[in-house]
Amino acid sequence: MHSLKRLWAWFDDITGTSKALGPPLTHPVPEAKKSRWFYVLGSATLAAFLVQVVTGIALSSSYVPSSGQAYESLHFITGENLGRILRGMHYYGSNAMIILIGLHAIRVYLMAAYKYPRQVNWLSGVVLLLGTLLMAFTGQILRWDQGGFWTAVVGAEQAGRAPLIGNWLGHFILAGATPGGATLSRFFAAHVFFIPAVLFTFIAVHLYLVLHNGISEPPKAGRPVVVRTYKHWYHSLMEREGVPFWPDAAWRDLFFGCVVVLVIFILAVTLGPPEIGKPPDPTIIQASPRPDWEFLWYFALLSLIPHWSENFVMVAVPAIFIVFLIALPLVGGKGERSPLRRPWSIVLVIFLVGGIGYYWHQGVLAPWSPRMDAPPLPESVVGVSSGPIAVGAKVFYDKGCEFCHLVSGYGGIRGPDLSDAGDRLTRAEMVTRIFSGATNMPSYSNNLTSDDLNALLDFLQSRHRAYKYKISPPPGAVSQVVR
Ligand code: HEC
């Protein structure tokens, strides 16, 4: 023990460690009685970022960023136990980082901690937020499967709509006119060199400014920020009520950070990394590329808005969002901080979170795209296990009708629900529709044998609305169901 102390004294003497680390660790922070746990979101984002750095470096030592080998190398990594966990941690780590940075930004916005003197803290945070989103976007493309490939294409197409620089930007993203090996190299370089360099730099700036300006005190209605007096007031507040960051507040950051890392690890071990889709094949134009969930809501939004507004939504909405983030601390740098005195901030957050949630849900349902993974109808829905109706149900699945049509909750929702088709359509009407197709339904005139067609019609004619009132007969009685 004694010699350890002497070793430390020697080390500290020649490196100045305690002099360098002491003041930042023990700087006073506000003793926020009610909102203490809200203050851990930033450090938790940092914890998730560190997970990304460590697992990312490990992954990059086996990943081959070439269009010929990327796919194979990811399969190889996923086949190894350690590789599987690393890929999983990198994936859930990115999810965690996005969720945490989002919550952190919302917290800071609601408490208006971006006001004087912390405007530049906020602006550096905006860079970190956008950088994090770019990391998520470039990262999923490195999977270089169908999904990743088409996400790159869609991203470039979107950028291509920007006025004036659109064409150049699209070329810049794809590193050429069409996606290929150079595209992958470009995304790899962005994902492991350029964007991380920006993130590291701005994290340093962000943390330095947090120390320089101090952690914001919890807002109070009727106590506006006055530029002339704020700093003086804050310092005397810290002298009176501040507590040293270490250990009084830091343990909460440490504890929550560890929980975040643990959750990431557990998810990686139990759920594993996201599946790698089919290898990219530029000749298959996937009808609906599905990005990872972070961007799913945005894709859903673009699929659902009317065609004429696409250009506007693709270019103007992100632009407005970014301008808002930058203008916020510059325009609203002083005055009331409490959300109670800034009710619009609450409305805006609810609107934003609600909107993203709604379009995300739409994206999960993806009503515009056939659901290729719908399972065959179970017997409980079909009603019988053999005979023409059962054969028809199988044809309904085998010919892909079920990808677009819902029957008793099974199947896609591209076309109308056919759960009660027997009540609504005659056999002849069905034949017409099946033979002639429609705007969004292929024609099956050359594609069904007459046996298949008859079985299919038997099945569809057997689909009826669930009885509104069902009187179940007593056991043994002759069944008399009212229809
Ligand atoms: C790619 C998606 C898709 C596939 C696959 C598909 N349909 Fe359709 N179906 C639609 C759409 C969309 C409509 C609505 C067309 C319209 O009214 O403009 C429709 C309409 C219908 C209708 C009329 C429904 C009504 O309420 O008016 C029937 C019946 C039907 N389809 C049966 C089938 C059968 C049987 C199959 C398989 C052999 C099939 N569909 C395959 C998309 C599809």
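**A helical chain and its ligand shell**

The chain has 20 helices and two strands. The model is predicted.

Start with the overall dimensions. The C-alpha atoms fill a box of roughly 90 × 60 × 55 Å along the principal axes. The radius of gyration of the chain is 29 Å, whereas a compact globule of 483 residues would have one near 23 Å.

Next, burial and surface. Of the 483 residues in the chain, 39% are buried, with under 20% relative accessible area as the cut-off. The accessible surface comes to about 27,400 Å². Carbon and sulfur atoms account for 68% of that surface.

Contacts tell how the sequence folds back on itself. Take those between residues at least 6 apart in sequence. Of these, 74% join residues at least 24 apart.

Now turn to the ligand. Around the ligand are 19 residues. Cys 401, Cys 404, His 405, Arg 424 and Met 441 come nearest. By class, the shell holds twelve nonpolar, four polar and three charged residues. Which helices each supply at least two residues of this shell? They are α17 (401-404), α19 (427-436) and α20 (450-461).

Polar side chains also reach the ligand. In His 405, an N or O atom of the side chain is 2.8 Å from a nitrogen atom of the ligand. A polar side-chain atom of Arg 424 lies 2.6 Å from an oxygen atom of the ligand. For Arg 433, the distance from a polar side-chain atom to an oxygen atom of the ligand is 3.5 Å. His 405 and Arg 424 are also among the residues that come nearest to the ligand.

Technical notes:
Residues are numbered from 1 along each chain as its sequence is written. This is a predicted model: local features need pLDDT of at least 70, side-chain atom pairs count only at pLDDT 80 or more; totals for chains, interfaces and linings use all residues. Side-chain values use heavy atoms; hydrogens and water are left out. A residue is near a molecule or strand if one of its heavy atoms lies within 4 Å of it. A polar contact is a pair of N or O atoms within 3.5 Å; within protein, one must be able to donate a hydrogen and the other to accept it, and residues adjacent in sequence count only if both atoms are side-chain atoms. Helices (H or I, at least four residues) and strands (E, at least two) are DSSP runs, numbered from the N terminus. Ala, Val, Leu, Ile, Met, Phe, Trp, Tyr, Cys and Pro count as nonpolar, Asp, Glu, Lys and Arg as charged, and the others, Gly among them, as polar. The radius of gyration is taken over C-alpha atoms; the globule rule is 2.2 Å times the number of residues to the power 0.38. Buried means under 20% relative accessible area, exposed over 50%, partly exposed in between (1.4 Å probe, protein chains only). Contact means heavy atoms within 4.5 Å. Accessible areas come from the Shrake-Rupley method with a 1.4 Å probe; for residues, only the protein chains shown count as cover.
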